[in-house]
Amino acid sequence: TNQWFLPAVRGDIPPGCAAHGFVCDGTRILVFGGMVEYGRYSNDLYELQASRWLWKKVKPQAPSTGSPPCPRLGHSFSLYGNKCYLFGGLANESEDSNNNVPRYLNDFYELELQHGSGVVGWSIPVTKGILPSPRESHTAIVYCRKDLGSPKMYIFGGMCGCRLNDLWELDIETMTWSRPETKGTVPLPRSLHTANVIGNKMYVFGGWVPQSAGGEISAHDGEWKCTGSFSYLNLDTTEWIGLISDCQEDKSNLLPGPRAGHCAVAVGTRLYIWSGRDGYRKAWNNQVCCKDLWYLDTEKPPAPSQVQLIRATTNSFQVKWDEVPTVEGYLLQLHADSPVPSVAGIPGTGVPETSVLSSQGGSSLHQSPQSLPSVPYPEMKVDHPSQTNNVIPNNNVNWKPDTSRNAIHPQNVGEIIVQVSLSSNSLLKVEGKEKVASPENKITQETMKNHADATGFKESNALSLLPVCTSNRQWYDVGIFKNNSAVVSQFYLLPEETLSISNKMESADVPDYRLLKKQDLFPGTVYRFRVAAINGCGVGPFSKVSEFKTCIPGFPGAPSTVKITKSVDCIHLSWEPPASPSGNILEYSAYLAIRSTQLQENPSQLVFMRIYCGLKTSCIVTAAQLSNAHVDYTSRPAIVFRISAKNERGYGPATQVRWLQ
């Protein structure tokens, strides 16, 4: 919804606190220590069950040797597996909170968590190597290389009378501290910065840094300033890469302003930064608390799932694909088996002959006219950003302010007005679009390719595989869509000079659709679809290709409202008649995707066996038939069924159902 809300929490609600430790473990949050009311330091531990908004004060067991952590602030609190790791912070030697006698800490604790809720207790691990020097307001992250599998904790920077920029590594398996050698330019000493891991990189943003005098850092750290600098450490090569320098000016407000004490969180490959404060030379009365939310896409989004068909008519498709988190929108493209003019205005030359096709599932079938079941689906909204790029030299950072002030207005489906250029070194100042993924249905329906008429199937009860023509074809843009669904009745025609370029460069800049002419879809025509996600880094890779056919009038539509219920030794499959039978339904056929040698040789080619033929709108799938079923792992493991109807003209398209395992 991209809106803030204040949940109604209950239970042992903790007092307001600052500079505390905070970790998120699934739907529960653990908060430790910090400064609470009247300047008092705390060592209390609270747990919030965010699924119920229930707070609980938890009391871990004390270590078997030594004392539990003393009250503190500015410590690090990191989660890995079922354990939290507490390091350092600032304690008050005086019992009087008004008389602050600072003591910097470098003690190290391990907190074991119970599964789901609660904690076991504190322990003090026996470590090897040299312990990092005492500090507070540092950062700590945990990273585990996929190929090595040894988790390591990295501590960077902090404050101990002066700012620090040293890097420490703890091998969590052997509990050994070390100082890794780094390459590149180490960021300035800093405190109250943030560090987040995305992939194999630790991104460090902002904080307090010493105020340089004549290019030199003050030895006593007597003066400091907030910074908006941004760097990352490649955790595999331990090389520092600077992205935004401390001295880089930003007069156009395209970057987050200098700040310290902010918070940052990684969601997928996107980094969000919220709030913080700005200040200079200890002038507390001149500091400004930031109230802005920014996000940064660190890499192009992954390829979405294959396009799925929801409904088809003689001249349109309703399609969907799985949502990709934290993206701006989706670029949908198609190409057709029939010739497509390079400029609009040339009428179609009739309906092409039916042809041999490859379905989304991959099976090659004799194709009959195709239509789709009526499946309820949310209204599609179209994103139409009109901002252009502002390029910052020597900078691959795409910060964007996230705001909900401006609404995205839905347009007529298919009418997409877009003027946006995407590149890896651009800064787009557009509104944030935060989406909540809807839960996946237990059974998803996709109307795919139709099987052939009865000819040739009654003898073998299996569908044969046929070759597919793979001649060079041109991809055309359907448009950019905000949501993961679209109704497609037209596509955009590119000028002749653009055709060869867009074929070679799949992630080329998106054209201005207002300057392009449109082409309507033809009846009875095969169209292939692919989709790519878009974020601030550009257009990501395209999905695998799906293939659908528009309907020919006169054939029945696909059966709808397929239901699957499981009993002890069989499955009950039922459906409703097509919404558009186009005559009397003579029979239904149900098919099951089966294992086969052809499937082993070509995993993208599904093979189907007919398991039912008759007038009833239900059938029983026996355990013996299911034992031969192919399990499709393209997304979540599923058994694939197809059901189609036949009238006087022949069989219409099949409704494809994935029964999730």
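These legends go with several close-up views of the predicted model shown above.

In this predicted model, local features need pLDDT of at least 70 and side-chain atom pairs count only at pLDDT 80 or more, while totals for chains, interfaces and linings use all residues. Residues are numbered from 1 along each chain as its sequence is written, and side-chain values use heavy atoms, with hydrogens and water left out.

**View 1. Confidence along the chain.** Let's begin with pLDDT, the predictor's confidence in each residue, from 0 to 100. The chain averages 77, and 74% of the residues score at least 70. Residues 404-472 stay under 50, and so do residues 500-507. For residues 404-472 the model has 240 contacts beyond four places in sequence, against 10 for residues 500-507; a contact here means heavy atoms within 4.5 Å. Where pLDDT is low, the predicted coordinates should not be read in detail.

**View 2. An open sheet of four strands, E6-E7-E8-E9.** The pairing in this sheet is antiparallel. Strands (E, at least two residues) are DSSP runs, numbered from the N terminus, and two of them pair if DSSP finds at least two bridges between them. Strand E6 (76-80) and strand E9 (119-123) stand at the edges with a single partner strand each, so one side of each has no neighbour in the sheet. Neighbouring strands are turned by 20° against each other on average, direction ignored; the axes behind this angle are lines fitted to C-alpha atoms, and angles run from 0 to 180 degrees between N-to-C directions. Look inside the sheet for E7 (residues 83-92) and E8 (residues 102-113), joined by nine bridges. Leu90 stands opposite Tyr104 in E8.

**View 3. The E25-E26 hairpin.** Through four residues, a hairpin joins E25 to E26. Strand E25 (residues 308-312) and strand E26 (residues 317-320) pair in the antiparallel sense over four bridges, and Leu309 stands opposite Val319 in E26. Four of the five residues of E25 are buried, so this strand is largely enclosed by the rest of the structure. Buried means under 20% relative accessible area, exposed over 50%, and partly exposed in between (1.4 Å probe, protein chains only).

View 4. Rings of Phe, Tyr and Trp (its six-membered ring) pair if their centres lie within 6.5 Å; planes under 30 degrees apart count as stacked, over 60 as edge-to-face and the rest as tilted. The count by this rule comes to 26 aromatic pairs. Phe317 and Tyr527 have ring centres 6.0 Å apart and planes at 75°, so they make an edge-to-face pair. Because Phe317 lies in strand E26 and Tyr527 in strand E38 (residues 526-535), the pair ties together parts 210 residues apart in sequence. Phe317 is buried, at a relative accessible area of 1%. With Phe529 the ring centres of Phe317 are 5.5 Å apart and the planes at 90°, so this pair is edge-to-face too. Phe529 is in strand E38, 212 residues from Phe317, and is buried at 0% relative accessible area.

**View 5. Thr550 and its polar contacts.** Thr550 sits in the loop between strand E40 (546-549) and strand E41 (560-566), buried with a relative accessible area of 0%. Its side chain reaches the backbone oxygen of Phe522 at 2.5 Å, and a polar atom of that side chain lies 2.9 Å from the backbone nitrogen of Gly524. A polar contact is a pair of N or O atoms within 3.5 Å; within protein, one must be able to donate a hydrogen and the other to accept it, and residues adjacent in sequence count only if both atoms are side-chain atoms.
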